[in-house]
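Hi everyone, thanks for coming. Today I'd like to walk you through one structure, so please have a look at it first.

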Amino acid sequence: MERRVTKKVFAGGLAIGGGSPVSVQSMLCAPAHDFEANLKQAFRLKDAGCQIIRASVPDFEAVRLIEALKQVGLPIVADIHFDYKLAIEAVAAGADKIRINPGNIGGDDRVKAVAAACTARGVPIRIGVNSGSIENDILEKYGSPTPKAMCESALRHVGLLNKFNFDDIVISLKSSDVTTMISAYEMLAAECDYPLHLGVTEAGSGIEGIIKSAVGLGALLTRGIGDTIRVSLTDDPVKEVEAGFEILRAAGLYNDGVQIISCPTCGRTKIDLIGLSEKVKERLKGIKKPLKVAIMGCAVNGPGEAREADIGIAGGDGEGLIFKKGKILRKVPEDRLFDELMAEIEKL
Ligand code: SF4
């Protein structure tokens, strides 16, 4: 897949755009003044593989949270609305990236001051346009938050920063409507070369939220658009990170760790395939090495269907076959399948 060519910016040591791997980010959701809870959550996100952490900075006390989060060792993004002084303070406190819309901070001198603070420390700015927060004049022009309206709003914010020679920009155009969000990013991708932060906003929780994000982000990523992603879920942010990596994996942009290829089972299945698949998934969680493991319900189609897998099993009647790259190794009784599969995986 050809990725869209973009400018490269750096959030701390992490490159965004310019051919860098698509990064997965999340946002802390503990109360901004509860530093302990935020730190705990940030470390859990790090353990889950999160690459960029964003934190809300609603007031000056929360600026100290940015300082505290530096110990996590990941790039920290300060999320700021309206107050340019908070942005400057957050940069001074060590934020690696700022999320702020320059059109909302009240005048050129303030934009200039934020741009200067970010330039001095090499800190990029993400302009985050949401369909719900488009300027009134643009809304009047388009009648509703259409993709064109979102693009125009984003480019207006960009213009304000460019005026002060600031060009380390990342843009997001979030909407809770998936098709609007896809069209908006496509339009913007054709109009500028800034890296794009993808997200479906207010996606909801559970399966609905994950599917909305997967469709929106997946449609863009498979067309080469998108440089960093956030899956927004009304849930534990660790789940956002897990979903983010699975979306990247499905889009062919991430290959680390174990990928389970398992069949949906059918009338031919004569072993507890669902239980076995869950057990294997649990045991192999956290492994970084790229590995495809097939768990198939029957020997008729199993090894053939999972030819691409490094190792796998195909169930029979109270027994199963272990196979490697589609080639059968041996037959094993059902109660030994899990252990023998694990033993084979150890050998890889
Ligand atoms: Fe059915 Fe076998 Fe296909 Fe699984 S692999 S769905 S058991 S035919």
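**A loop, a cavity and some pockets**

Let's start at Phe82, which sits in the loop between strand 5 (76–79) and helix 3 (84–92). Helices here are DSSP runs of H or I with at least four residues, strands are runs of E with at least two, and both are numbered from the N terminus. Before going on, please note that this is a predicted model, where local features need pLDDT of at least 70, side-chain atom pairs count only at pLDDT 80 or more, and totals for chains, interfaces and linings use all residues. Residues are numbered from 1 along each chain as its sequence is written, and side-chain values use heavy atoms, with hydrogens and water left out.

Most residues other than glycine have a negative phi. Phe82 is not a glycine, yet its phi is positive, about 70°. Is Phe82 buried or exposed? It counts as exposed, because its relative accessibility is 55%; buried means under 20% relative accessible area, exposed over 50%, and partly exposed in between, with a 1.4 Å probe and protein chains only. Thr265 also has a positive phi of about 70° without being a glycine. Thr265 is found in the loop between strand 11 and helix 10, and at 28% it counts as partly exposed.

Phe82 turns up again at a cavity. The structure holds 1 cavity of 30 Å³ or more, and its lining is made of Ile80, His81, Phe82, Arg99, Asn101 and Asn104. On a 1 Å grid over the protein atoms alone, a cavity is a set of points where a 1.4 Å probe fits but cannot get out, while a pocket is an open set with protein on both sides within 12 Å along at least five of seven lines; lining residues have an atom within 4 Å of a point.

Now for the pockets. How much space lies in the largest pocket? About 1,200 Å³, where a volume is the space filled by probe spheres set on the points, and points are joined across faces, edges and corners. The largest pocket is lined by 33 residues, and Glu242, Phe245, Glu246, Arg249 and Lys285 lie nearest its centre. Helix 9 gives the most to this lining, with 9 residues. Where does the largest pocket lie? Domain 1 (8–250) and domain 2 (258–347) both give residues to the lining, so the pocket lies between them. Those domain bounds come from an automatic or database domain assignment.

The second largest pocket has a volume of about 320 Å³. Its lining has 19 residues, with Met27, Arg54, Thr201, Arg230 and Ser232 nearest the centre.

A search of the whole structure finds 1 aromatic pair. Phe245 and Tyr254 form that pair, tilted, at 4.7 Å centre to centre and 45° between the planes. Rings of Phe, Tyr and Trp (its six-membered ring) pair if their centres lie within 6.5 Å; planes under 30 degrees apart count as stacked, over 60 as edge-to-face and the rest as tilted. Phe245 is buried, at 11%, whereas Tyr254 is partly exposed, at 24%.

Finally, the ligand. Of the 10 residues around it, Cys263, Cys266, Arg268, Cys298 and Asn301 come nearest, where being near takes a heavy atom within 4 Å.
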